[in-house]
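Below are some notes for a colleague who is looking at this entry for the first time. Please read them with the model open beside the text.

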Amino acid sequence: MAVPIVLDPLLSPDEAATVVGLWHDFPGYGLYSNEGFATEFAPELAQRYDATVNFIRTGGRFGRTGEDTSMLAARTNYFRETYAYGDDVSAPGIERFFHHPRLFDGARALHGRDVVVPAIVYANILLPGQELAVHTDVPEFRGANRKVVPQWLLVVMHHAGLFGEWRMPIATAISYFGEGRGGELAYYPDGPDGPAATYAPRHNTAVVLDTDSVFHGVDRVLGDDAPLAGLRPGMRLHHDGERSWTVRDGERIVATYATDDLRYSVSWKAYCFADDAERAAWAAHTDDLSLEQILERLVADLCERGRLAGQDHGLADAELGRLLIDEYVRFPAPAAT
Ligand SMILES: [Fe+2]
């Protein structure tokens, strides 16, 4: 069973106040759907084709089918900005959080690996009525990351269990600040066949877990969801001062929220190496996977499973992609409501 580690409290009151200050002072938040790298393999499949298709097919954790797909898209298209990525800091003041000993200790406790290298800190903001489809996060392998391999294919690689020796175990801490209502973290500690457990966010706490392996999502944030119908790609969320926020389409104001309406979390991810030699192999690229190696191995496994006749299968890339997702990524079934 994958038990998450809860850090409560996460930071000192002053440190938590600093993060809340950064949240408000950051010069605006864009929609997550605008992110992502243009990867070459099967570009017709969206980066998280796996999770999106499952969400639309099932209606999410509670099987809420019946809404039209544009509303479903608005529910799951939340705001995200990166505060720090490696040495690149875009929210000055976040450094203390990025290198916080509490997070390092949580990561070590999760994976039992001593060499922790923080990779990224980003903020997620969900509006009332928004939720996050059940998914596993995008894992990383030596030589295979989201800049060169589609995100859904990285997810497939981990679920297939064929690339463990190249995998970089990552610890994720999801930390919460503010007073948003609802938006519980739902996760599947016993795997996709077991029941979901939930964690109700509280200010200045964090949950540390292996989000690359454990299916998880975010339940709906409470509050008035009517403005979601007007949410469109390209809009931005902006703090206007006095804990008042607007969603804007260019200069046009589409919706207004108070700070306490918003579900705000800051995700921290760190590579967890067993020892310095493993870290050195990663840094020096001495044992990297290539896309050709990845596809060859997956296709060979599909052949063994009787899903394909041979390496010369003749499938278009996107067809092969759908087959891979279907074969390896087994989502939890929606709960009975
Ligand atoms: Fe996630």
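Does His 285 count as buried or exposed? The answer is given in point 5, after the overall picture.

1. This is a predicted model, in which local features need pLDDT of at least 70 and side-chain atom pairs count only at pLDDT 80 or more, while totals for chains, interfaces and linings use all residues. Residues are numbered from 1 along each chain as its sequence is written.

2. The chain has nine helices and 15 strands, where helices (H or I, at least four residues) and strands (E, at least two) are DSSP runs numbered from the N terminus. The C-alpha trace spans about 60 × 50 × 40 Å along its principal axes. Of the contacts with a separation of 6 or more, 79% join residues 24 or more positions apart, a contact being two C-beta atoms, placed from the backbone, within 7 Å.

3. Of the 337 residues, 40% count as buried (20 or more other C-beta atoms within 10 Å of the residue's own; exposed means 12 or fewer, and partly exposed lies in between). The largest nonpolar core has 86 residues, among which Ile 125, Val 156 and Val 208 touch the most other members; such a core is a set of buried Ala, Val, Leu, Ile, Met, Phe, Trp, Tyr and Cys residues joined through C-beta atoms within 7 Å. Strand S15 (residues 263-273) gives this core its largest share, seven residues. Leaving aside neighbours within four places in sequence, the contacts of Val 208 include Pro 4, Ile 5, Leu 7 and Ala 171.

4. His 285, in the loop between helix H7 (276-284) and helix H8 (291-304), has a positive phi near 55 degrees and counts as exposed, with 9 C-beta neighbours inside 10 Å. Asn 204, in the loop between strand S9 (197-199) and strand S10 (205-209), has a positive phi of about 60 degrees, but Asn 204 is buried, with 20 other C-beta atoms within 10 Å.

5. A cis peptide bond, with omega about -5 degrees, joins Asp 8 and Pro 9. Pro 9 is found in the loop between strand S1 (5-7) and helix H1 (13-25).
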